[in-house]
Amino acid sequence: MQRNAATARLVALLLSAAISTSACGNKDPEENFQLWSNNEAGWQEIGKYASDPANPIELRARSLEVLIQGGHPSIVTQLVEKAADKDKVLIALVPGLEKMLRGSNEKQQLHAKQVLFETISRVSPGDADKVRAALAEWAFGDITVDDPTNVITEKLGKRLRPDEIERLGKFGVKGAEIMLGKAIAKNEILTFLQTLDVPEAKVALVNGLRRYHQSSKKVMVTGNELGYVQRTGHIDGLLYFFELYERLIESEHEDDENAAKMAIAAAVQWVDEDGGKKLVVDNWAKLKPVADKLMAGPKCDLRWWSAVQMVRVEGLDGLKRALAALPDDTNYGQSEYALNDVKLMITDFCSKDTAALDKDKKREIYKASLATERFIERIVAIRCLMVDGSDDAKAALEAFVAGRKKLKEEKVIDPLIVPQHAENLSLTDLAKIALEVIAYFKELDKLQGESKLTAKQVEYRKLYATFSFDRKGKALREFAEERAEDKIKREAAKPAK
């Protein structure tokens with residue numbers, strides 16, 4: 001005990017002598033810093049020196065740097081708090097800490113990292129970003145997507161934890177993308193990138209998942225991952241859905257096929273939302289080739305989807321292009337190629353999807369389509385003229401029917417629009433039904449005007465008449481009126497809200 005006490009007194013005397021000598025200017029400050037870094041009493045002297053604004057700022061920072069090199073980063077943080085101008089001291093300390101990061105001493109790298117992370121919350125936003133950039137460069141600067149996973153894992157294991165990457169903010173995006181592509185801390189990285197509201201993070205999330213999904217045939221695309229992509233709200237995410245569909249739909253593996261269906265379903269749903277509609281309009285140059293490709297493909301639901309996008313973005317020119325681009329094959333009525341009823345798709349296209357277009361101008365487009373030799377184009381034109389219902393549309397349909405009387409035999413169009421067992425409709429039959437519907441609509445308007453029908457009765461009768469192609473074996477009026485009354489009764493039976 002006596003020896004320990006004597007040793008402590010000796011250290012105190014040496015410190016006192018060092019301080020005295022320093023004050024007289026006879027000792028290099030670096031020698032003092034090295035001496036003070038050896039024990040707690042010396043740490044307090046470093047704290048006094050570093051917090052004294054009368055001392056040169058570079059030396060104040062250097063005194064703390066020596067303490068960090070000695071393995072005491074936590075003490076440095078405590079000592080800096082005593083300085084009235086601690087922000088200034090911390091900023092002056094950063095260059096030295098960056099130098100430590102670039103050094104070969106791994107322990108000093110981690111000590112420097114600790115102080116730099118603590119610096120982020122103590123300085124201005126601009127200075128904090130400089131610190132984050134320095135940390136990100138140290139952590140990820142020598143890592144690329146081409147490096148083996150084990151090499152990246154080993155390097156990052158010595159540098160950063162996943163939760164520390166989050167503290168880098170946008171400066172951690174590049175490294176996070178690499179990690180995601182290698183499935184390193186995948187869930188944590190997905191969450192991190194999703195919380196960053198910057199375009200770089202959204203693109204990194206998509207690109208990272210793309211690399212991950214293509215990294216091995218054993219990787220399965222999950223609905224949860226597609227959810228992360230959709231929540232980016234970014235055009236690259238939407239394009240990736242179409243890319244996934246194209247890549248996986250022809251796969252023989254059931255999981256791949258399911259992933260393709262999930263991706264295309266999510267894309268279609270996304271585009272139908274307000275944000276998705278704007279995304280399409282704003283990025284049509286990128287999406288137009290996708291729509292053109294899907295239009296030419298075998299899946300009819302995607303053909304109609306593409307036609308709607310063309311109309312939505314290109315207006316009347318898009319309508320012309322869509323009608324001319326719809327493949328004239330028999331896929332439309334086959335369940336293998338069309339999940340949705342083609343009659344419903346055509347009716348929606350005429351009554352909803354093109355509703356915003358100028359009525360007179362789109363009518364001219366439909367009239368021109370009646371003169372083509374393509375069956376699907378004429379089918380759509382007939383139904384759209386029926387929805388138009390004007391005297392001009394009626395006259396065009398009557399002329400079409402009259403012009404076909406010279407035909408000895410007409411091709412049955414059922415394979416294009418309905419299953420093979422349905423009625424044997426021809427284009428002339430379809431045009432005659434359209435004329436019946438136009439006449440029926442005028443009669444309904446007259447009855448409503450005479451107060452013989454309610455507005456609800458007229459609305460629903462028109463609805464079912466519009467959707468009727470073969471009329472289920474019943475006359476048009478009987479079919480529409482029966483369905484309308486049934487719907488009104490069902491609505492009346494619902495409990496009041």
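**View 1. Helices 15 and 18 at the second largest pocket.** In this predicted model, helix 15 (235-248) and helix 18 (284-296) each supply at least two residues of the lining of the second largest pocket. Helix 15 accounts for the largest share of that lining, with five residues.

**View 2. The centre of the second largest pocket.** This pocket holds about 280 Å³ of space. Its lining is made up of 15 residues, and the closest to the centre are Tyr245, Glu246, Lys293, Leu294 and Gly297. Sorted by class, the lining of the second largest pocket has nine nonpolar residues, five charged ones and one polar one.

**View 3. The largest pocket and its central residues.** Now we turn to the largest pocket, whose volume is about 740 Å³. A total of 30 residues line the largest pocket.

**View 4. Helices around the largest pocket.** Helix 19 gives the most, with eight residues.

**View 5. Residue classes in the lining of the largest pocket.** Which classes of residue make up the lining here? The lining of the largest pocket has 16 nonpolar residues, together with 11 charged and three polar ones.

Methods: Residues are numbered from 1 along each chain as its sequence is written. This is a predicted model: local features need pLDDT of at least 70, side-chain atom pairs count only at pLDDT 80 or more; totals for chains, interfaces and linings use all residues. Side-chain values use heavy atoms; hydrogens and water are left out. On a 1 Å grid over the protein atoms alone, a cavity is a set of points where a 1.4 Å probe fits but cannot get out, and a pocket is an open set with protein on both sides within 12 Å along at least five of seven lines; lining residues have an atom within 4 Å of a point. Grid points are joined across faces, edges and corners, and a volume is the space filled by probe spheres set on the points. Helices (H or I, at least four residues) and strands (E, at least two) are DSSP runs, numbered from the N terminus. Ala, Val, Leu, Ile, Met, Phe, Trp, Tyr, Cys and Pro count as nonpolar, Asp, Glu, Lys and Arg as charged, and the others, Gly among them, as polar.
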